[in-house]
Amino acid sequence: MRDFKINQNLSALKPSGIRKFFDIANEMKDVISLSIGEPDFQTPWHIRQAAIDATEQGKTWYSPSTGFLALREEISSYLNRRFQLTYDPNDEILVTVGASEALDAAFRCFVDEGDEVLIIQPSFVCYDPLVRMSGGIPVILQTKAENKFKLTADELRANITPKTKILLISFPTNPTGAIMEREELEALAEVLRDTNILVFSDEIYCELNYTDTSHVSIASLDGMRERTLVINGFSKSYAMTGWRIGYAAGPRELIEPLVKLHQYMVMCAPTLSQFAAIEAMRNGDEDVQMMRNEYNMRRRYLVDRLNAMGLSCFEPEGAFYAFPCIRSTGLTSEEFCEKLIYANQVAVVPGSAFGDSGEGFIRISYSYSLKHITEALNRIEAFLEEIKQ
Amino acid sequence: MDNLLGLLKQNARYSVKELAVILNQSEEVVAKALEAYEKQGVIKGYQAILNYEKLDQAPVFALIELKVTPKKELGFQEIADRVMEMEEVESVYLMAGDYDLAVFVKGKTMQDVAMFVAKRLSTLDSVLSTSTHFVLSRYKQDGVILKDEEKSDLRGQMVV
């Protein structure tokens, strides 16, 4: 057999720690999962209808490479009304194949071999591999439970070197549920202002913020717009994961290279999904509110019960995950999850899958009905009793 | 519908304590709200949702479409009052469309229901005609799917 060498950067990547638990869960019967990281809601019907209409009308060609202008205009007005951001729909917004494409393209556009990219962890499992594939060196900023998994200015400052090219932040955060408020982001901005560091702000969970004040984008702070790429999408806000539709917004100097790469990579984002996305932005506010309200009720119930059963859990204020500490059991994250699934058939994800600083924690998704969550929690409670003895 | 009513529609057995946690309210506030709903008649009761087909002796259900002559002054109220008092009758709705009252009737056997319609419903003064439809099977009731197997989770298990 010939030896077709796989790209070295790819060979060096470790397989995801989440996969393993899905594989175990799939082999077993009667497993209750709290592990899935996507909305349990179906895409609201009027949004699906928009895509059906477009299909019936045969609007199935490529769109302009940057996405339909109508969609870019909707995105522009949405970012403005929700987060006071101002982007020209003509050349400061790029519609992408999910936020994932925007992230990947952004790293590849701006990272040169050996550049350092600051990444918060615990975080979404794709950041580190994407940086490595672009030739960059991920530098991990370990956020801490005692800081509610927010990034502090000191932690940021301590990791900046002459090679630092990009800071990637993602608040609200998967898997911790952490958010950052305006003053906290302002402290980061203060560190960044006199540097040449770019900020990639993954705000995919922006609509799932359960505090009284809504999400703040770092790009809206003084001096940040010029250096920030806002990366966002429709998956979490509108329950549109499978549509693969997202976007990047930023000053034209940052969007232009992205457009260049995007054209060669994918031509354009899926056309039918773009029609659905236009409808989502025009008429989806109530759906977003309804889902946030549902998630919020589940969140309160989940966190209250976790704390009551002795898994101390800081209050997650965003996304749809709780990130309780399991150190009191004396088990590692992996051991805990493995024992839990074999003994009581509940699938959750070890915190260590999201970076070393996630060790000692587990991620519990509340993207499930209250009934489902209740049953799973009853099992976890029984499991904790059993391992105590 | 507010969150409290929505939660009780899903599960009437939530304790006040649980409701308080989920709604981020004190137990006292939740208890008062419940009391108020009961007093105003918004909440008329708390019932189990039964899958009758699983009972040893499953009852028979029928929908009876009633055409009636409304009474001067009283309209449909008088006939509705008389129908709803009958214990065989589970629900009565005034309808827009081809007929006037939709009457859901429960009986032990089809014969029972047929006799009830023939002897008691169709003989009522203002009833012009009846049309009886027997229920063959129930799939969903009060928002609850009655089939046993859990709906499987179709979500892809993405590494996210």
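Helices and strands are taken here as DSSP runs, with a strand spanning at least two residues, and are numbered from the N terminus. In the predicted model, strand β1 of chain B, which covers residues 60-68, holds B:A62. This alanine has 21 other C-beta atoms within 10 Å and is therefore buried, the cut-off being 20 or more such atoms. Leaving aside residues up to four places away in sequence, B:A62 touches B:V105, B:V113, B:T132, B:H133, B:F134 and B:V135.

The contact between the chains takes 11 residues from chain B and 16 residues from chain A. On the side of chain B that touches chain A, the elements giving two or more residues are α1 (3-10) and α2 (16-23) of chain B, and by class this side has 5 nonpolar, 5 polar and 1 charged residues. In the loop between α2 and α3 (27-40) of chain B lies B:N24, whose phi is near 55°, a positive value in a residue other than glycine. B:N24 has 14 other C-beta atoms within 10 Å and is therefore partly exposed.

In chain A, the domain assignment gives a domain 1 made of two segments, 8-43 and 286-382, and a domain 2 that runs over 46-284. The C-alpha centres of the two domains of chain A lie 24 Å apart, and 36 residues of domain 1 are in contact with 37 residues of domain 2. The side of domain 1 of chain A that touches domain 2 of chain A receives two or more residues from each of α1 (8-11), α11 (285-308) and β9 (321-322) of chain A, with α11(A) giving the largest share, 7 residues. The residues on this side of domain 1 of chain A divide into 19 nonpolar, 11 polar and 6 charged.

Helix α11(A) also packs against helix α13 (residues 370-388) of chain A, at an angle of about 10° and with the axes 10 Å apart. The two helices are therefore roughly parallel, since angles under 35 degrees are counted in that class. The contact is made by A:R298, A:Y301, A:L302 and A:R305 of α11(A) together with A:L370, A:I373 and A:L377 of α13(A); by class, it has 5 nonpolar, no polar and 2 charged residues.

Most residues other than glycine have a negative phi, and most peptide bonds are trans. Against this background, several backbone features of chain A may be noted. A:A319, found in the loop between α11 and β9 of chain A, has a positive phi of about 60° although it is not a glycine. With 30 C-beta neighbours inside 10 Å, A:A319 counts as buried. The peptide bond from A:Q121 to A:P122 is cis, with omega near 0°, and A:P122 lies in the loop between β3 (116-121) and α6 (127-133) of chain A. A cis peptide bond also joins A:N174 and A:P175, with omega about 15°; here the proline is found in the loop between β5 (164-169) and α8 (182-192) of chain A.

Technical notes. Residues are numbered from 1 along each chain as its sequence is written. Chains are lettered from A and ligands numbered from 1 in the order in which they are written. This is a predicted model: local features need pLDDT of at least 70, side-chain atom pairs count only at pLDDT 80 or more; totals for chains, interfaces and linings use all residues. Domain bounds come from an automatic or database domain assignment. Two residues are in contact if their C-beta atoms, placed from the backbone, lie within 7 Å. Helices (H or I, at least four residues) and strands (E, at least two) are DSSP runs, numbered from the N terminus. Ala, Val, Leu, Ile, Met, Phe, Trp, Tyr, Cys and Pro count as nonpolar, Asp, Glu, Lys and Arg as charged, and the others, Gly among them, as polar. A residue is buried if 20 or more other C-beta atoms lie within 10 Å of its own, exposed if 12 or fewer, and partly exposed in between; C-beta atoms are placed from the backbone. Axes are lines fitted to C-alpha atoms, for helices over the stretch in contact, and angles run from 0 to 180 degrees between N-to-C directions. Angles under 35 degrees count as roughly parallel, over 145 as roughly antiparallel, 65 to 115 as roughly perpendicular and the rest as oblique.
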